[in-house]
There are 2 protein chains.
Amino acid sequence: MADEVVLLDFWASMFGMRVRVALAEKGIKYEGKEEDLTNKSPLLLQMNPIHKKMPVLIHNGKPICESLIIVQYIDEVWHDRAPLLPSDPYQRAQARFWADFIDKKMYNSGWKVWTTKGEEQEAGKKEFLENLKTLEAELGDKPYFGGDRFGFVDIAFVVFYSWFHAYETFGNFSVEAECPKLLAWARRCMEKESVSKSLPDQKKVYEFVAQMRKKYEAE
Amino acid sequence: MADEVVLLDFWASMFGMRVRVALAEKGIKYEGKEEDLTNKSPLLLQMNPIHKKMPVLIHNGKPICESLIIVQYIDEVWHDRAPLLPSDPYQRAQARFWADFIDKKMYNSGWKVWTTKGEEQEAGKKEFLENLKTLEAELGDKPYFGGDRFGFVDIAFVVFYSWFHAYETFGNFSVEAECPKLLAWARRCMEKESVSKSLPDQKKVYEFVAQMRKKYEAE
């Protein structure tokens, strides 16, 4: 029996993009179902009753939730091609550590950059840039976070690239000026079709974020 | 060469307890080094420069940080005994999902119960009890979260048992009255020496939490 793979997704979701990149890396065919943020589908609520969030991977009828957990699941199920996590337990722990850092630190500081103003925004921007620099230091002179191969941490982080233009515009900074090596890494990742075809255009994301910001301002 | 295993720990830390339980389940001898919360050791700052937090497992000189990542590392390195994560990828993903839920939801709502007052505390208490009930529903009639065997989710969650008396006293509720099946599960886990010897006494934790609460009130 062929695998039935469905992804409940939203085009501008960085978490959804992670799953898209992982599936593309593994060459897995799937049906993407676009969710409406303001009117989530009964299928989403049924498949992720706890968090009610995208992305959800539905593999042969069974749901898997939370993007980093989904990417690990994909790596474990389709383990015969394009390994995403290193095989060495210590390296795996390091990869999980940095992916967790990205989840705990990058998303929230980025959120502050585009949803707030004044001092709060300045604090968010400072934090965001510090986190970027921590990640740039961890990357060092390696081509990818895990070394020579594109992998788990790259997937966890490269999705932010699609939001860079929005962060830069609202935060009034340049990632290239602040973290040139990191931007070079992101562009290196974008040369891979699995990444470039899974990430939306930065301008389109910017327009979406600008609309969302107006909504926050109005509230 | 024998493994050199060191744990940078703090006795009342639920995250430290998780690592203690995992090491005990695997029967791994280690040296526990108690940290001073108000004056963290140079070794801790060197081994966890990013988060500067306990626990840190140092295995043959190399640090692993973040409790759930450490427990997975322990399970992968000492894979020949007392498996903690299920071997099936789907069950592994489910175990990771619930451990992640505990980290994202239980700790923060518990924090509100003992550090705040009035409406904020009531909101924290409501959230804390809702989360407990979600976990009780997930447990269902199984002896452990993963089924018949004590495992990853049990380790992630059972450490809260040592803080129950503190939560109950400051929040003015009874876990037994609210979630009798969950309390029966916690007591079942406590029958295991790996758990009972790794968790401090509830009264001692309560006294520690009471002192910490006074400090927060004074600030």
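Trainee: Which residues of chain A does the UniProt annotation "domain: GST N-terminal" cover?
Mentor: Residues 3-82 of chain A, according to the UniProt record, which is an unreviewed entry. Keep in mind that what you're looking at is a predicted model. That span is 38% helix and 21% strand, with its end C-alpha atoms 18 Å apart.

Trainee: And where does UniProt put "domain: GST C-terminal"?
Mentor: The record, again an unreviewed entry, lists residues 88-216 of chain A. Here the chain is 76% helix and 0% strand, and the end C-alpha atoms are 45 Å apart.

Trainee: What makes chain A as compact as a globular protein of its length?
Mentor: Chain A has 11 helices and 4 strands. Its radius of gyration is 17 Å, and the globule rule gives 17 Å for 219 residues, so chain A is as compact as a globular protein of that length.

Trainee: Why is the pair Lys104(A) and Glu66(B) called a salt bridge?
Mentor: Check it against the cut-off: a side-chain nitrogen of Lys or Arg has to be within 4 Å of a carboxyl oxygen of Asp or Glu. For Lys104(A) and Glu66(B), the N to O distance is 2.4 Å. That is within 4 Å, so the pair counts. Between chain B and chain A the count is 6 salt bridges.

Trainee: Which parts of chain B supply the side that touches chain A?
Mentor: Strand E4 (62-65), helix H3 (67-77) and helix H4 (89-115) of chain B each supply at least two residues. The largest share, 12 residues, comes from H4(B). By type, that side of chain B divides into 13 nonpolar, 5 polar and 8 charged residues.

Trainee: How much area do chain B and chain A bury between them?
Mentor: About 2,300 Å², with 67% of it on carbon and sulfur atoms. The contact takes 26 residues from chain B and 26 residues from chain A.

Trainee: How do you know that Lys192(A) forms a salt bridge with Glu25(A)?
Mentor: Their closest N and O atoms are 3.6 Å apart. The cut-off is 4 Å, so this pair passes too. Lys192(A) sits in the loop between helix H9 (180-190) and helix H10 (193-196) of chain A, while Glu25(A) is in helix H1 (residues 14-26) of chain A, so the pair ties together parts that are 167 residues apart in sequence.

Technical notes
Residues are numbered from 1 along each chain as its sequence is written. Chains are lettered from A and ligands numbered from 1 in the order in which they are written. This is a predicted model: local features need pLDDT of at least 70, side-chain atom pairs count only at pLDDT 80 or more; totals for chains, interfaces and linings use all residues. Side-chain values use heavy atoms; hydrogens and water are left out. Contact means heavy atoms within 4.5 Å. Buried area is the accessible area (1.4 Å probe) that two parts lose on being put together, summed over both. Ala, Val, Leu, Ile, Met, Phe, Trp, Tyr, Cys and Pro count as nonpolar, Asp, Glu, Lys and Arg as charged, and the others, Gly among them, as polar. UniProt positions are given in the numbering used here, feature names are shortened, and annotations may be inferred rather than shown by experiment. The radius of gyration is taken over C-alpha atoms; the globule rule is 2.2 Å times the number of residues to the power 0.38.
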